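I opened my notebook to look up how some parts of this protein pack together. My notes follow the structure.

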Amino acid sequence: MARRVEDARILMYSHDTFGLGHLRRCRTIAHALVEDYRGLNILIISGATIAGAFDYRARVDFVKIPSVIKLRNGEYTSMASHIDLQDTLKMRESSIRHTAETFQPDIFIVDKEPMGLKGEVEDTLAYLKARGTTLVLGLREIMDAPHLLDAEWKRNGIMQKIDQYYDSVWVYGPPDFYDPLVGLDVPANVRRKMDFVGFLQRSVSKSKKSLNTPKDNYILVTTGGGGDGSDLVHDVMNAYEQEQTLQQKALVVLGPYMPAAERTKLVKKGEKIAAIEVIEFDNHMEELIAGATAVVAMGGYNTYCEILSFDKPALIVPRVKPREEQLLRAQRASELGLVDMLLPDQSANPAVMAEALKRLPSRLPPSKSGCNMRLEGLDHISETVGHWLDNRGGHLSLVGAE
C-alpha cells in the first residue's frame with residue numbers, strides 16, 4: 001500500500017552523453033518511489049536527446065538540458081554542432097542550478113558522475129548542501145576498470161569531493177557481485193556512506209503494450225542505445241547468413257543512437273534474412289525482453305537487470321573500450337554461471353556466433369545457476385527514502401549499509 005507524504009520532492013540528475021542507461025535507471029527508481037509514496041514529486045534533469053520518447057508516471061517529470069555527446073574516443077562535443085562545448089556546458093550548469101533553486105528538493109540523487117559532466121553539478125551540490133538537502137550519489141555496481149577510474153577521479157579530486165558533499169552513496173548491486181570502487185584508495189568516511197542496495201528489479205508496465213512483440217518465439221537482440229552496437233548486429237546477421245540451419249526467429253532492436261548510415265545498412269541486410277526482423281527503437285524494452293525466449297546483448301546495466309528480472313537465458317558480447325564496465329560485468333556474470341559470454345573478436349567469427357545462438361534457447365535461465373541474484377534494489381531504496389522523509393526537519397537521518 002502506498003504511504004502518504006506531505007509535499008516531498010526528489011530531484012535526480014542524469015548526464016546522459018552516450019546511450020540511455022542513466023535516464024532509464026533514474027526513471028525506474030522514480031517510478032518505483034512515486035508508486036510507494038503518494039504526495040512525492042520527482043523531477044529528473046536529463047541530457048538525453050530522446051528523454052521525451054519515454055512515458056512518465058504521474059508526479060514524475062523531466063527537465064531537458066542541452067545535449068552533449070560522447071565520441072568513441074571518450075571526448076565530448078555539443079549535440080548542436082554550431083554551439084561551442086564550453087557554452088553548452090555553461091547553459092547546462094546554470095539550468096541545473098536554476099532548477100534546484102526553484103524546485104527546492106528534499107533529496108538530490110546524482111547518477112554515476114559525482115560532480116556531473118565536467119563538474120557541472122558541483123555548484124548545485126554546494127547550494128543544496130547549505131540548505132540541508134540530503135545528497136545521494138548513485139553508482140552502477142561496476143564503474144570501469146580500476147586503473148581507468150582511479151586516473152580519472154584523481155585528476156579531478158573526486159574522492160575528496162564525494163566525502164565533502166554526499167550524505168550517502170548507493171551502489172546499484174549486491175556486495176558479493178562487484179565493488180565499483182575496487183582497487184581505489186577509498187577513505188573510511190566514504191566507505192561508511194556506501195550502501196549496496198542490490199540490482200534494480202524491472203517489471204512490465206500494465207497499461208501500455210509494445211507494438212513490436214512478435215507472435216512466435218523469438219530471440220531478442222538489443223544493443224541498448226545503439227551508438228556503438230552495429231558490430232554486434234552485423235555479427236548476428238553474418239551468423240544467420242552463413243549457417244542455414246539457424247532458423248529461430250530473431251527480433252533486432254538497433255537503438256535510437258545508432259548512426260544513420262549503419263542503421264540503413266543493417267535494415268537492408270536484415271531484409272534479406274527471413275528469420276530476422278529489424279526495428280529501430282521501442283520505449284517498452286521490458287516487454288520485449290519479458291516476451292523473448294532468450295536475449296543477445298552487450299550487457300549494459302539496465303539490460304542486465306532486465307535479463308535477471310525476467311530470468312532469460314542470455315548471450316553477452318560486451319563493449320571493451322573506451323570503458324571496460326560491460327566487459328567486467330559480463331566476465332563476472334559468466335563466472336557465476338548467470339550468462340554466456342563471447343568477446344567481440346569471437347563474436348565476429350560467424351561459425352562461433354552461430355553455435356552460441358543455437359545453444360542459447362536451451363540454456364538454463366539465470367535462476368538455475370545456483371547463484372543468489374538479489375533483485376531488491378528498488379525496495380531497499382524505497383525503505384531508505386521513507387526513513388529520510390519521516391525525519392525531515394533538521395538534517396535527515398541516514399540509513400547506512402547493511
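Against which elements do the buried residues of H13 pack?

**Ground rules.** I am working with a predicted model, where local features need pLDDT of at least 70, side-chain atom pairs count only at pLDDT 80 or more, and totals for chains, interfaces and linings use all residues. Residues are numbered from 1 along each chain as its sequence is written, and side-chain values use heavy atoms, with hydrogens and water left out.

**Helix H13.** I looked up the partners: the buried residues of H13 pack against E10, helix H7 (230-242), E13, strand E14 (314-316) and helix H12 (344-347). Contact means heavy atoms within 4.5 Å. Helices (H or I, at least four residues) and strands (E, at least two) are DSSP runs, numbered from the N terminus. H13 covers residues 350-359, and its buried residues are Pro350, Met353, Ala354, Ala356 and Leu357. Buried means under 20% relative accessible area, exposed over 50%, and partly exposed in between (1.4 Å probe, protein chains only). Seen down the axis of H13, these residues fall within an arc of 165°, so they line one face of the helix. I note that the arc is taken from the directions from the helix axis to the C-beta atoms.

**The sheet.** Next I traced an open sheet of 6 strands, in the order E12-E11-E10-E13-E14-E15, with parallel pairing. Two strands pair if DSSP finds at least two bridges between them. Strand E12 (276-279) and strand E15 (340-341) stand at the edges with a single partner strand each, so one side of each has no neighbour in the sheet. E10 and strand E13 (residues 294-297) run parallel, joined by 4 bridges. Valine 221 stands opposite valine 296 in E13.

**Aromatic rings.** How many aromatic pairs does a search of the whole structure find? I got 7. Rings of Phe, Tyr and Trp (its six-membered ring) pair if their centres lie within 6.5 Å; planes under 30 degrees apart count as stacked, over 60 as edge-to-face and the rest as tilted. Phenylalanine 177 and phenylalanine 199 are edge-to-face, at 5.2 Å centre to centre with 75° between the planes. Phenylalanine 177 lies in the loop between strand E8 (168-172) and helix H6 (188-193), and phenylalanine 199 in the loop between strand E9 (194-196) and strand E10 (219-222), so the pair ties together parts 22 residues apart in sequence. Both phenylalanine 177 and phenylalanine 199 are buried. Phenylalanine 177 also pairs with tyrosine 304: the centres are 5.8 Å apart and the planes at 35°, so this pair is tilted. I filed Phe177, Phe199, Tyr301 and Tyr304 as one aromatic cluster.
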